[in-house]
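The sequence and coordinates are shown first.

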Amino acid sequence: MDTRPPVSDALHGDSGSLPDSGAPARERVQGTDGDGSFALRVRSAVMWRWGAQVAAQIITWTSTILVVRLLDPSDYGLFAMTQVVLTALAFLNGQSFATSLVQTERIDERRIGQVFGLLLMANGTLAAVQFLFAPYAAAYFGEPMVATLLRVQAIIFLTIPFIALPSEWLARRLEFRKQGQVNMATAVVGAVLALTLAWLGYGVWALVYAPIAMFVTRAIGLTIASGLRIRPIFDPRGAWDLVTFGGTLTLCQLFWIIQSQSDIVIAGRLLPTHDLGLYSEALFLTLVVTGRFIPPINEVALAAYSELHRARKPLGPYFLKTARMVMMVTAPIYIGLSLTSDAAIRTLFGEKWVEMIPVVHGLALVMPAFALQLICSPVTNAMGRPRIYLTTSICGAIIMPTAFLLAVNGGLFEGEAAAMRLVHAWWVAAPMLLAFTLAMTLPRIMVSPLALARELFPTALACGLMALAVLTVQRIAPMGAVWLDLIWNAAVGAIVYAATFWFGFRALVEETWAMLRQREAGTPGIAVHSGG
């Protein structure tokens, strides 16, 4: 791969060159009024960003299910150890500085070049640090193989500047169609390579080389799709607002990494590689929605919230509709996964993964709360108040590791298997973090807890009735074969969930249908219409 940055002086995109440095970028804010062009762009962005992500995940998960059957839990245990280091360094990769381009009102070629320069310096340094630090990480985990894996994975950092800059530039303009096309092509490359290497007996290397190929493919694709031709500028003068906003988000990422990786760090030295592989793969499975589908929604939401905020629109109504839409999709998936975890794991992963069943069952129950917590930060970041996100991130970096540490060391849930103690720590920590995040976020956007509860009540009721129906048929009408039970339970749950909305909350169904058909509905929402 040619890693040299483009050298053309001009910055070309689909909509032409950048505005002058003294002209605030308000040309698209005007679309929030009048003819509804803003609503159409947001709908298109959501459909492309989320739709492409769904398609990419279908490709990836088809490959993953096949790869899991070819590899051993110990392979996933080794890979999880390397991901702790890779993720711990990734918060310094400069992505937050690129994100500042979405929120800022003043943008020009020089400022984008400054961000590009920061990205190149940061990621070149990180690649070198990971290469040199690899033996120490291997010594910590007691696995010499980890050093070799980490040195190869250092290549990933060299692709980040060519992913972060074009993706955030496209996001600022709410142009997610090209990103979606690149993401789907990337998924195909990764899926084919992972399956091929696993089939040929490469073991854990199938999990290493496939992501590297995906990062390289995405870097090339987004660079071409964005049309960016910009020289890196290593002089930060005039970009202090980008540095401070991006720096605050970088701190948030640090605390997010502490929160999200603490379970593997704490358990990695105490659990056998086999058990760690079971837990990490169960966590990966249950985080597939929050980790794969929520980020695309947050990307669109940040861009849309920022544009609305620049137009002096209140963000509370838009946040409520976004929360309702996200929970309508994620909550039934997670409750359904918990209810059918036995049949799902046996059918999709095979008998050698049956020890993962109780872990998946327990983690899936708490993930709706985690999903709701994750969608809060874009609305306050768009208001130029990243300190709220920073505060909630610090809180998460305290609550989650403390719960995991107490659980693994026997302070909580003593007498249970180590993996299940981690699961029950999630049950305590995730709702606590959600409560704190909502307490920090809702007053700033002038939304009451009661208003949020009203928006989420239909989803909660539908999930409750769905769970009752599935538990009933599991008890009185089992199908016998495991795969038939999975299909039967999933069908019953889907029918009851859909029927609850159709007969009890038809207006919400019609509003969602209007959104998909790009017609205005009767209530405001970030993904519904441009209302004021």
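Among contacts in the chain between residues at least 6 apart in sequence, 84% link residues at least 24 apart. The model is predicted. Its secondary structure comprises 22 helices and zero strands, and 56% of the 532 residues of the chain count as buried.

Phe116 belongs to helix 4 (residues 109-141). With a relative accessibility of 2%, Phe116 counts as buried, because the cut-off for that class is under 20%.

How do helix 7 and helix 9 pass one another? The axes of helix 7 (residues 161-172) and helix 9 (residues 205-226) come within 8 Å and cross at roughly 40°. Helix 7 is therefore oblique to helix 9, and the crossing is left-handed. On the side of helix 7, the contact is made by Phe162, Ile163, Pro166, Ser167, Trp169 and Leu170. Helix 9 contributes Phe215, Arg218, Ala219, Leu222, Thr223 and Ser226. Classified by residue type, this contact of helix 7 with helix 9 has eight nonpolar, three polar and one charged residues.

Backbone angles and accessibility can be considered together for two loop residues. Most residues other than glycine have a negative phi. Arg312, which is not glycine, has a positive phi near 65°. Arg312 is placed in the loop between helix 13 (294-310) and helix 14 (316-339). Met446, likewise a residue other than glycine, has a positive phi near 60°. The position of Met446 is in the loop between helix 19 (418-441) and helix 20 (449-476). Arg312 counts as exposed because its relative accessibility of 61% is over 50%. Met446 is also exposed, at 73% relative accessibility.

The structure holds zero disulfides.

| Residue | Relative accessibility | Class |
|---|---|---|
| Phe116 | 2% | buried |
| Arg312 | 61% | exposed |
| Met446 | 73% | exposed |

Technical notes. Residues numbered from 1 in each chain as written. Predicted model: local features only at pLDDT ≥ 70, side-chain atom pairs only at ≥ 80, totals over all residues. Heavy atoms only, no water. Axes fitted to C-alpha atoms, helices over the stretch in contact; angles between N-to-C directions. Helix = DSSP H or I, 4+ residues; strand = E, 2+ residues; numbered from the N terminus. Parallel < 35°, antiparallel > 145°, perpendicular 65-115°, else oblique. Left-handed = near helix turned anticlockwise from the far one by under 90°. Contact = heavy atoms within 4.5 Å. Nonpolar A, V, L, I, M, F, W, Y, C, P; charged D, E, K, R; others polar. Disulfide = S-S within 2.5 Å. Buried < 20%, exposed > 50% of the residue type's maximum accessible area, 1.4 Å probe, protein only.
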